[in-house]
Amino acid sequence: MKSSLIIVTFFVIGIVAGLEGILPEFLIKSEIVVYPLYLLMFLVAVGIGADKKALKIFKATSYKILLIPIFIVVGTLSGVAIISLFLSGISIQDSLAVGAGMGYYSLSSVLIGQIKGETLGVIALMSNIMREIFTLLVAPLLVKYFGKIAPISTAGATSMDTTLPIIIRFSGKDYAVISIVSGTILTILVPFLVVFILQW
């Protein structure tokens, strides 16, 4: 929750700075934003590679556990496709790209913003932050009515880090491995899914 609020705060500060015209011209019109993206991708890869515990857990689990992130991707994109039918002003392709962020708002919003423009990037940022906040707020209700895997599904890529404590608390420690494996796989898939959908 804290990290989400920090992201939103920086986002609001950026809007205010842009509106007030207090930023240097090169920050607004240049391609400088792509370099933090490269750095972010590098740090994500380093984080996954350096997490020996996560890699050991991944190797030790049954292949059936891989079905969970697959179903999360299929369920998310299917739901987004249905919802997009009721939305005006946004294509099904753009909607699917936003959904393919899987809660990984910091990466997906930058990727989408670079490829499709800042407006869709902002939509991706806000919708994926809302996905994380939704999981943090309603995890106990999800477990009660839909089962212990439900918060792992709604958490998407964040089930390996920011939402992991709340998942363990309400689903139980036995689901920690599933949560980490699912979140790790989705984190790896996000950049490929988003780019594939937007260039399809």
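**Reading a helical model**

Reader: What is the relative accessible area of Lys116, and is this residue buried, exposed or partly exposed?

Author: Residues are sorted by relative accessible area, where buried means under 20%, exposed means over 50% and partly exposed means in between, with a 1.4 Å probe and protein chains only. Lys116 has a relative accessible area of 40%, so it is partly exposed. Before we go on, please keep in mind that this is a predicted model, in which local features need pLDDT of at least 70 and side-chain atom pairs count only at pLDDT 80 or more, whereas totals for chains, interfaces and linings use all residues. Residues are numbered from 1 along each chain as its sequence is written, and side-chain values use heavy atoms, with hydrogens and water left out.

Reader: How many helices and how many strands does the protein chain have?

Author: Helices (H or I, at least four residues) and strands (E, at least two) are DSSP runs, numbered from the N terminus. The protein chain has 11 helices and zero strands, and its pattern along the sequence is therefore written α-α-α-α-α-α-α-α-α-α-α.

Reader: Where is a salt bridge found, and which side chains meet in it?

Author: A salt bridge is a side-chain nitrogen of Lys or Arg within 4 Å of a carboxyl oxygen of Asp or Glu. A search of the whole structure finds one, in which the side chains of Asp94 and Lys116 meet at 3.4 Å, N to O. Because Asp94 lies in helix H6 and Lys116 in helix H7 (residues 105-116), the pair ties together parts that are 22 residues apart in sequence. Asp94 itself counts as buried, at 13% relative accessibility.

Reader: At what angle do H6 and H11 pack, and how far apart are their axes?

Author: Axes are lines fitted to C-alpha atoms, for helices over the stretch in contact, and angles run from 0 to 180 degrees between N-to-C directions. Helix H6 (residues 92-99) and helix H11 (residues 176-198) pack at about 175°, with axes 9 Å apart, which makes H6 roughly antiparallel to H11, a label used for angles over 145 degrees.

Reader: Which residues meet where H6 packs against H11?

Author: Contact means heavy atoms within 4.5 Å. Gln93, Asp94, Leu96 and Ala97 in H6 meet Val194, Ile197 and Leu198 in H11. These residues divide into five nonpolar, one polar and one charged, where Ala, Val, Leu, Ile, Met, Phe, Trp, Tyr, Cys and Pro count as nonpolar, Asp, Glu, Lys and Arg as charged, and the others, Gly among them, as polar.

Reader: Which residues does Ile178 contact beyond its neighbours in sequence?

Author: Ile178 is placed in helix H11 and is buried, with a relative accessible area of 17%. Leaving aside neighbours within four places in sequence, Ile178 is in contact with Ile65, Ile68 and Ile152.

Reader: Where does Met102 lie, and what is its phi?

Author: Met102 lies in the loop between H6 and H7, and, although it is not a glycine, it has a positive phi of about 50°. Met102 is also buried, with a relative accessible area of 0%.

Notes
Parallel < 35°, antiparallel > 145°, perpendicular 65-115°, else oblique.
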